[in-house]
Amino acid sequence: MLRRLLVTRPSRREAEDDFRWRGEGVSRLENLSDIVFAFAVSFLVAGSAPPSTFGELAEVMVDFVAVGLCFALLLFVWYTHYLFFRRYGLEDGRTVVLNGVLLFLILLYVYPLRFLIGFQADLLFGRLSGAAIADVLTYEQAPWLGLIYSGGYGAVFGLFALLYRHALAKADELDLSEHERWMTELRVVLGLVHVGVALTVIVVGFMLPVRLSPLAGSLYVALGPLLWVARRRYQRRTVVEAG
């Protein structure tokens, strides 16, 4: 199991942002979480029969582009989950509840994620055009797709913000250093940035004229600069506090 292999590498533990890992070993809660993530990944590749012609092989390779993008996002979510449990090792009631809701959302989130990225891949590679596009998704349906996708996306990272906020509330109990408290606070802020962008995409999608509503999803490109600004502000704040 990937999580267990990462935990048993001592060099990895020492290199993680000067953050002392309090999660010793892999708990049953994390094992359950890994099973859910594995199920989500297996869904991404399920239903693809082995190709029997080159044309079918080409179609499968296009599908794998969409699967790869979905997998990358799920891997990012998994790694965020992994870091939380390694850093804090929390298994109290609130952590169990928040983690349970998070896992449930991931199982739901993988369906619209696969549909949306698969639809975009079909457009990019010319497998959908003209009237065929409307058979899959109409302009009127685009804002509702944005609501489903961005709602799930925002909810997942909102739950991460709540998990890190819970860890911050237990800072004394966990004996977090000042640096570790700042890093935990930053994780809360980064989660809220994801939530804010997701909510903005939903609102803008419904406010734009119908034929422009699909463009609301392009606002996700703002995530990079916003996350960078949040990290820079954190770094400057820690330098000032250290001085």
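This is a predicted model: local features need pLDDT of at least 70, side-chain atom pairs count only at pLDDT 80 or more; totals for chains, interfaces and linings use all residues.
Good morning. The protein exposes about 13,400 Å² of surface, and carbon and sulfur atoms supply 66% of that area. Of the protein's 243 residues, 44% count as buried.

Let me turn to the overall architecture. The secondary structure amounts to 10 helices and zero strands. Along the sequence, the pattern accordingly reads α-α-α-α-α-α-α-α-α-α. As for the contacts in the protein with a separation of 6 or more, 79% of them are accounted for by residues 24 or more positions apart.

I will now discuss two helix pairs. Two packed helices are described by the angle between their axes and by the distance between the axes. I shall give both values in each case.

Helix α3 covers residues 28-45 and helix α5 covers residues 93-124; they pack at an angle of about 5°, and their axes are 9 Å apart. Angles under 35 degrees count as roughly parallel, and α3 and α5 are therefore roughly parallel to each other. Which residues of α3 meet α5? On the α3 side they are L29, L32, S33, V36, F37, F39, A40, F43 and L44. Their counterparts in α5 are T95, V96, N99, L103, I106, L107, V110, Y111 and R114. By class, the residues of this contact between α3 and α5 divide into 14 nonpolar, three polar and one charged.

The next pair is α7 with α9. Helix α7, residues 142-169, packs with helix α9, residues 178-207, at an angle of about 165°, and the axes of the two lie 8 Å apart. Because angles over 145 degrees count as roughly antiparallel, α7 is roughly antiparallel to α9. What is the handedness of the crossing of α7 and α9? The crossing in which α7 passes α9 is left-handed. The residues of the contact of α7 with α9 comprise 16 nonpolar, nine polar and four charged.

With which residues is L227 in contact, leaving aside its neighbours within four places in sequence? The contacts of L227 are with L190, V193 and H194. For L227 and L190, the C-alpha atoms are separated by 6.4 Å, while the two residues are 37 residues apart along the chain.

That concludes my presentation. Thank you for your attention.

Technical notes
Residues are numbered from 1 along each chain as its sequence is written. Side-chain values use heavy atoms; hydrogens and water are left out. Axes are lines fitted to C-alpha atoms, for helices over the stretch in contact, and angles run from 0 to 180 degrees between N-to-C directions. Helices (H or I, at least four residues) and strands (E, at least two) are DSSP runs, numbered from the N terminus. Angles under 35 degrees count as roughly parallel, over 145 as roughly antiparallel, 65 to 115 as roughly perpendicular and the rest as oblique. A crossing is left-handed if the near helix is turned anticlockwise from the far one by less than a right angle, and right-handed if clockwise. Ala, Val, Leu, Ile, Met, Phe, Trp, Tyr, Cys and Pro count as nonpolar, Asp, Glu, Lys and Arg as charged, and the others, Gly among them, as polar. Contact means heavy atoms within 4.5 Å. Buried means under 20% relative accessible area, exposed over 50%, partly exposed in between (1.4 Å probe, protein chains only). Accessible areas come from the Shrake-Rupley method with a 1.4 Å probe; for residues, only the protein chains shown count as cover.
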